Structure formats: structure tokens, C-alpha cells
Amino acid sequence: MITRLRKESKKLISPIASALIRVGFTANAMTLTGLALAVVFLLVVWATRNAFYGVALLIVSSLADALDGEIARLSGKAGPFGSFLDSSLDRIEDTIFISSFALLGFQPLLVSLLVGLSLSISYLRAKAESLGVKAEGKGIIERGERLIFVAAILLVSPLSFEVATVLFYALFVLSAVTVVQRFLLVSSAFPK
Ligand SMILES: CC(C)CCC[C@@H](C)CCC[C@@H](C)CCC[C@@H](C)CCOC[C@@H](COP(=O)(O)O[C@@H]1[C@H](O)[C@H](OP(=O)(O)O)[C@@H](O)[C@H](O)[C@H]1O)OCC[C@H](C)CCC[C@H](C)CCC[C@H](C)CCCC(C)C
Ligand SMILES: Nc1ccn([C@@H]2O[C@H](COP(=O)(O)O)[C@@H](O)[C@H]2O)c(=O)n1
Ligand SMILES: [Mg+2]
Ligand SMILES: [Mg+2]
């Protein structure tokens with residue numbers, strides 16, 4: 001869903017990306033910055049057991065994920081390596097952000113299953129694209145939506161663990177639905 005925001009978000013993202021290019025930031029440096037912020041996020045949540053501080057890091061890391069591509073495009077350096085780096089590090093960041101729930105009292109088994117669902121959503125897109133099937137924008141909960149859910153759960157958990165748990169289960173179910181949607185998208189594209 002949020003992928004459709006891409007055009008609108010350019011108004012916000014492009015000026016920041018241009019300024020960063022002027023001070024010498026490269027797309028790959030921004031992609032790596034997103035990962036570094038995710039690692040710091042995990043250390044902060046581990047040390048404080050309170051996600052409130054981590055949310056700011058998650059937001060900036062997410063912003064870095066939106067910025068890296070824009071820096072690449074505006075500097076005319078978008079390419080296959082950057083695409084590989086961006087998507088690969090996204091998976092590590094997704095793993096880090098979701099795994100932090102285990103530090104906040106969520107059921108570790110469900111947390112690990114949710115990590116698996118999140119990675120499966122992205123794997124199915126990658127496999128679909130390798131078979132020539134477009135999967136971008138397909139599925140009820142893509143990465144942008146997942147990040148928003150994760151941020152909401154982290155923000156709410158210190159205030160009401162019950163509400164955070166409802167959001168966690170909602171994210172879990174929506175992620176499972178997205179896996180099925182993307183699976184059906186690809187399986188229906190080819191003769192059995
Ligand atoms: C109810 C309240 C308590 C709500 C609380 C939540 C708030 C705190 C808001 C949190 C916002 C923030 C945490 C998340 C939003 C930012 C996020 C939308 C930006 C990153 O978007 C994802 C990015 C991913 O696309 P990309 O092509 O780089 O990567 C692909 C993706 O990983 C695919 O995954 P999937 O398979 O689809 O799951 C992989 O398959 C692909 O391989 C891979 O390439 O998208 C980039 C462009 C976005 C579409 C544009 C959106 C930009 C944002 C609007 C920019 C602003 C974000 C600010 C940080 C928001 C500030 C919020 C404010 C503080 C409230
Ligand atoms: N280090 C990078 C990061 C990204 N790219 C290019 O941008 C595309 C992703 O754009 P987003 O707006 O979704 O981040 C990616 O597919 C690459 O083409 C890059 O070249 N180098
Ligand atoms: Mg990106
Ligand atoms: Mg990305």
C-alpha cells in the first residue's frame with residue numbers, strides 16, 4: 001500500500017537527498033547507515049528494555065531506506081549492486097526490528113515466526129521478480145506498512161502491553177495473509 005505513496009513522498013525525500021548529495025553522502029553510505037542505526041536500535045532496546053527510545057532510531061533508519069534510492073537516482077548512480085545491497089540489508093533490518101519484540105515480553109516463538117513471515121514476504125517478491133512476475137505493491141502489508149506497525153507496537157508497549165499485543169497479532173495475521181497473497185500471485189501466473 002505505502003509503495004503507492006512513493007510519488008507523493010518524493011516531495012519530502014528529494015530535497016533531503018539532494019542536500020545529502022551536496023555534502024558528499026553516497027547511496028551506499030546511506031544504505032549502510034540504515035543498517036548501523038538498526039544495530040544501535042537493538043543495543044538501545046536491549047540496554048533499556050524500553051522501546052520508546054528505539055522508535056526514533058527505527059524512524060531514522062526507515063528514512064535512510066527511503067533516502068538511499070533517491071540519492072542513487074538523483075546522482076545517476078542507481079544500479080544492480082545498490083539494489084542488491086538495499087534489499088539485502090532491508091532483510092537484516094527487518095529481522096532486527098521484529099526480533100526486538102522478544103526483549104519486550106512478547107512470546108519468543110511468535111516473534112521468530114513473525115520474522116519468518118516478514119522474510120517470506122520479501123523472498124516471495126524476489127522469487128517472483130526472478131520469474132518475471134511483478135510483485136511490488138502486491139500484498140496487504142509490505143515493508144513500509146510493517147515498519148509502521150513495528151513502530152506503533154514499540155511506541156505503545158510501554159504504555160499498554162495489551163494494546164501492543166493486539167497490534168502484534170494484527171501484524172502477524174496481516175503478514176501471513178500477504179505471504180498467501182504473494183504465493184497465489186506467482187502460482188497463478190504459471191500453468192500447473
Ligand atoms: C498509531 C501511531 C502510534 C503510529 C506510530 C508510527 C509512527 C512512529 C510512524 C513510523 C514511521 C516509520 C517507522 C516507517 C515509515 C517509513 C517507511 C514507509 C519508509 C521505508 O519504506 C520502505 C521502503 C522500502 O522499499 P525499498 O524498495 O527500499 O525496499 C524493498 C522492500 O524492502 C521490499 O520489501 P517487501 O517485500 O515489500 O516487504 C523488498 O521485497 C524489496 O526487495 C526491497 O527493494 O520504501 C521506500 C519508499 C517509500 C514508499 C516512501 C515512503 C517514505 C516515507 C513517507 C518517508 C517518511 C518516513 C518518516 C520516517 C515518517 C515519520 C513519521 C512521524 C515521526 C510520525
Ligand atoms: N545503495 C543503493 C540503494 C538503492 N539504490 C537504487 O534504489 C533502488 C531502491 O530505491 P528505494 O527508493 O526503494 O530505496 C534500488 O533498487 C536501486 O536501484 C542504489 O542504486 N544504491
Ligand atoms: Mg531503499
Ligand atoms: Mg530498501
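Arg146 is buried, with a relative accessible area of 4%; buried means under 20% relative accessible area, with a 1.4 Å probe and protein chains only. The structure is a predicted model, in which local features need pLDDT of at least 70 and side-chain atom pairs count only at pLDDT 80 or more, while totals for chains, interfaces and linings use all residues. Residues are numbered from 1 along each chain as its sequence is written, chains are lettered from A and ligands numbered from 1 in the order in which they are written, and side-chain values use heavy atoms, with hydrogens and water left out.

Arg146 is placed in helix α6; helices are DSSP runs of H or I with at least four residues, numbered from the N terminus. Not counting residues up to four places away in sequence, Arg146 touches Arg91, Asp94, Ser118, Ile121, Ser122, Ile141, Leu171 and Ser175, where contact means heavy atoms within 4.5 Å. A polar atom of the Arg146 side chain lies 3.4 Å from the backbone oxygen of Ile141.

Helix α4 covers residues 80–99 and has 20 residues. From first C-alpha to last, α4 reaches 29 Å, close to the 28 Å expected at 1.5 Å a residue; the expected span is 1.5 Å times one less than the number of residues. The buried residues of α4 include Leu85, Asp86, Leu89, Asp90, Glu93 and Asp94. Among the elements covering the buried residues of α4 are α2 (27–48), α3 (51–74), α5 (108–130) and α6 (143–156).

Asp90 lies in helix α4 and is buried, with a relative accessible area of 9%. An unreviewed UniProt entry places the feature "active site" at Asp90; such annotations may be inferred rather than shown by experiment. Asp90 touches Asp65 and Arg143, not counting residues up to four places away in sequence.

Donors are N, O and S atoms within 2.8 Å of the metal (3.2 Å for Na, K and Ca), and water is not among the atoms, so sites may look incomplete. Asp65 lies in helix α3 and Asp86 in helix α4, so the pair ties together parts that are 21 residues apart in sequence. Both Asp65 and Asp86 are buried. Asp65 coordinates both the magnesium ion (ligand 3) and the magnesium ion (ligand 4), which are 2.9 Å apart.

Methods:
Helix = DSSP H or I, 4+ residues; strand = E, 2+ residues; numbered from the N terminus. Buried < 20%, exposed > 50% of the residue type's maximum accessible area, 1.4 Å probe, protein only. Polar contact = N/O pair within 3.5 Å; in protein donor to acceptor, adjacent residues only side chain to side chain.
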